[in-house]
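Biologist: Can you put the model up? I'd like to go through it with you.

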Amino acid sequence: LRRERDPKLRSRLIELRKKEGGLICDLCEKVPGEVQANLAESIYEAHHVIPLAVGDERSTKLSDMVLLCACCHRLVHKAIASEGRWLNLTEARTIIYGK
Ligand SMILES: [Zn+2]
Ligand SMILES: [Zn+2]
């Protein structure tokens with residue numbers, strides 16, 4: 001999952017989300033509480049909603065990515081591993097949070 005660690009892509013996604021109204025986790029939809037604004041973005045990681053094997057065929061677009069808090073991101077990858085296939089956001093939310 002090296003591409004997910006591309007720091008440029010992650011910071012572009014974070015800047016876009018800030019412009020659009022603020023940082024929120026796309027999975028649990030929590031916003032950071034009492035965290036310094038300049039530190040809050042370190043909570044978030046960029047996650048590919050399209051399997052990397054497919055995504056490799058073209059350049060990654062920001063629309064292929066979601067912003068997840070580090071906790072949800074870890075859970076999503078755990079769920080993907082246990083299901084044995086890539087999960088979209090809705091599937092991941094159902095499996096992880098039951099909604
Ligand atoms: Zn989250
Ligand atoms: Zn990921």
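This is a predicted model: local features need pLDDT of at least 70, side-chain atom pairs count only at pLDDT 80 or more; totals for chains, interfaces and linings use all residues.

Biologist: Fine. How many helices and strands in the chain?

Modeller: Five helices and two strands. Along the sequence the pattern reads α-α-β-α-β-α-α. Helices (H or I, at least four residues) and strands (E, at least two) are DSSP runs, numbered from the N terminus.

Biologist: What percentage of the residues count as buried?

Modeller: 34% of the 99 residues. Buried means under 20% relative accessible area, exposed over 50%, partly exposed in between, with a 1.4 Å probe and protein chains only.

Biologist: And what share of the contacts join residues at least 24 apart?

Modeller: 58%, among contacts between residues at least 6 apart in sequence. Contact means heavy atoms within 4.5 Å.

Biologist: Now the largest nonpolar core. How many residues, and which have the most contacts inside it?

Modeller: It has 21 residues, and Cys25, Leu27, Leu68 and Cys72 have the most contacts inside it. A nonpolar core is a set of buried Ala, Val, Leu, Ile, Met, Phe, Trp, Tyr and Cys residues joined through side-chain atoms within 4.5 Å.

Biologist: Which elements give two or more residues to this core?

Modeller: Helix H1 (7–19), strand E1 (44–48), strand E2 (65–69) and helix H4 (70–83). E2 gives the most, with five residues.

Biologist: What does Cys72 touch?

Modeller: Cys25, Leu27, Cys28 and Tyr97, not counting residues up to four places away in sequence.

Biologist: Switching to charges. How many salt bridges does the structure hold?

Modeller: Six. A salt bridge is a side-chain nitrogen of Lys or Arg within 4 Å of a carboxyl oxygen of Asp or Glu.

Biologist: What does Asp26 pair with?

Modeller: Arg17, with the closest N and O atoms 3.0 Å apart. Both Asp26 and Arg17 are buried.

Biologist: And which residue does Glu41 bridge to?

Modeller: Lys18, at 2.7 Å between the closest N and O atoms. That pair links distant parts of the chain, 23 residues apart: Glu41 sits in the loop between helix H2 (37–40) and E1, Lys18 in helix H1. Glu41 counts as partly exposed because its relative accessibility is 23%. Lys18 is partly exposed too, at 37%.

Biologist: How far apart in sequence are Arg93 and Glu29?

Modeller: 64 residues. Arg93 lies in helix H5 (residues 89–97) and Glu29 in the loop between H1 and H2, so the pair ties those parts together. Their salt bridge is 4.0 Å, N to O. Arg93 is buried at 18% relative accessibility, whereas Glu29 is exposed at 51%. Elsewhere, salt bridges that share partners join Glu15, Lys18 and Glu41 into one network.

Biologist: What else is around Arg93?

Modeller: Leaving aside neighbours within four places in sequence, Arg93 is in contact with Asp26, Leu27, Glu29, Gly98 and Lys99. Its C-alpha is 8.4 Å from that of Val76, 17 residues away in sequence.

Biologist: Helix packing next. At what angle do H4 and H5 cross?

Modeller: Roughly 95°, with the axes coming within 10 Å. That makes H4 roughly perpendicular to H5. Axes are lines fitted to C-alpha atoms, for helices over the stretch in contact, and angles run from 0 to 180 degrees between N-to-C directions. Angles under 35 degrees count as roughly parallel, over 145 as roughly antiparallel, 65 to 115 as roughly perpendicular and the rest as oblique.

Biologist: Which residues make the contact?

Modeller: Cys72, Leu75, Val76, Ala79 and Glu83 of H4, and Ala92, Ile95, Ile96 and Tyr97 of H5.

Biologist: One more. Is His77 buried or exposed?

Modeller: Buried, with a relative accessible area of 19%. His77 is in helix H4. From His77 to His47 it is 9.5 Å, C-alpha to C-alpha, and 30 residues in sequence.

Methods
Residues are numbered from 1 along each chain as its sequence is written. Chains are lettered from A and ligands numbered from 1 in the order in which they are written. Side-chain values use heavy atoms; hydrogens and water are left out.
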